[in-house]
Amino acid sequence: MNRSNRSKHEIVSDILRAIETDGATISEIQYKTISYQHLKRYLIYLVQNELIIYTKTEKRFRVTQRGLCAIDTYTKLDELLVRKTQHKIMQTPEYFTPFP
């Protein structure tokens with residue numbers, strides 16, 4: 001998917017996944033997701049909703065248990081939407097498919 005056309009939920013999911021394994025610095029998250037200006041707002045939102053925490057000593061963000069549940073939910077939703085989209089494509093009659 002084009003990064004500029006992502007929904008807010010997809011951006012949140014991408015940020016959580018960027019942090020998930022070993023935590024991440026702001027620069028590491030930014031490199032994997034969105035610009036610094038936008039990222040700051042999302043990080044504040046995620047901290048306020050207890051999906052991530054910031055550890056000052058390590059200067060890293062970490063995903064909380066609640067954040068891990070959110071990642072799991074986003075993954076299940078992604079799988080559902082991909083399957084549904086693939087199913088619709090398979091059912092589309094040949095004469096309705098778009099021209100190249």
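Start by selecting Lys59, which sits in the loop between strand 1 and strand 2. Helices (H or I, at least four residues) and strands (E, at least two) are DSSP runs here, numbered from the N terminus. The phi of Lys59 is near 55 degrees, a positive value in a residue other than glycine. Most residues other than glycine have a negative phi. Lys59 counts as exposed, at 56% relative accessibility; exposed means over 50% relative accessible area, buried under 20%, and partly exposed in between (1.4 Å probe, protein chains only).

A quick word on ground rules. This is a predicted model, where local features need pLDDT of at least 70 and side-chain atom pairs count only at pLDDT 80 or more, while totals for chains, interfaces and linings use all residues. Residues are numbered from 1 along each chain as its sequence is written, and side-chain values use heavy atoms, with hydrogens and water left out.

Next, click on Glu50. You'll find Glu50 in the loop between helix 3 and strand 1 (52-55). Its phi is near 60 degrees, again a positive value in a residue other than glycine. With 52% relative accessibility, Glu50 counts as exposed.

Now zoom out and switch to a cartoon view. The protein chain has four helices and two strands, and from the N terminus on they run α-α-α-β-β-α. Of the 100 residues in the chain, 27% are buried. Take the contacts (heavy atoms within 4.5 Å) between residues at least 6 apart in sequence: 52% of them join residues at least 24 apart.

The chain exposes about 7,900 Å², with carbon and sulfur atoms supplying 56% of it; areas come from the Shrake-Rupley method with a 1.4 Å probe, and for residues only the protein chains shown count as cover.

Hide the surface and head inside. Which residues touch the most other members of the largest nonpolar core? Select Ile15, Leu16, Ile19, Ile29, Leu43, Leu46 and Ile52: they hold that place among its 19 residues. The elements that give two or more residues to this core are helix 1 (8-19), helix 3 (36-48), strand 2 (60-63) and helix 4. Helix 1 gives the most, with five residues. A nonpolar core, by the rule used here, is a set of buried Ala, Val, Leu, Ile, Met, Phe, Trp, Tyr and Cys residues joined through side-chain atoms within 4.5 Å.

Stay with Leu46 for a moment. Setting aside its neighbours within four places in sequence, Leu46 is in contact with Val12, Ile15, Leu16, Leu51 and Ile52.

Time for some charges. Side chains of opposite charge can pair when their charged atoms come close. A salt bridge here is a side-chain nitrogen of Lys or Arg within 4 Å of a carboxyl oxygen of Asp or Glu, and the count comes to five.

Here are some to visit:

- Select Arg6 and Asp14, whose closest N and O atoms are 2.4 Å apart in a salt bridge. Arg6 is buried, with a relative accessible area of 14%, whereas Asp14 is partly exposed at 26% relative accessibility.
- Select Asp78 and Arg17, a salt bridge with the closest N and O atoms 3.4 Å apart. Asp78 lies in helix 4 and Arg17 in helix 1, so the pair ties together parts that are 61 residues apart in sequence. Asp78 is partly exposed at 35% relative accessibility, and Arg17 is partly exposed at 30%.
- Select Arg60 and Glu28, a salt bridge with the closest N and O atoms 3.1 Å apart. Arg60 is in strand 2 and Glu28 in helix 2 (residues 26-32), and the pair links parts of the chain 32 residues apart. Glu28 counts as partly exposed, at 34% relative accessibility.

Now for rings. A search of the whole structure finds one aromatic pair. Select Tyr54 and Phe61: their ring centres are 4.8 Å apart and their planes are at 55 degrees, so the pair is tilted. The rule pairs rings of Phe, Tyr and Trp (its six-membered ring) if their centres lie within 6.5 Å; planes under 30 degrees apart count as stacked, over 60 as edge-to-face and the rest as tilted. Is Phe61 buried or exposed? Phe61 is buried, at 7% relative accessibility, while Tyr54 is partly exposed at 37%.

Last stop: select Leu80, in helix 4 (residues 65-91). Together, Leu77, Leu80 and Leu81 make a nonpolar surface patch of about 270 Å². Patches are made of residues with over 30% relative accessible area and no salt bridge, joining like charges within 9 Å and nonpolar side chains (Val, Leu, Ile, Met, Phe, Trp, Tyr) within 5 Å.
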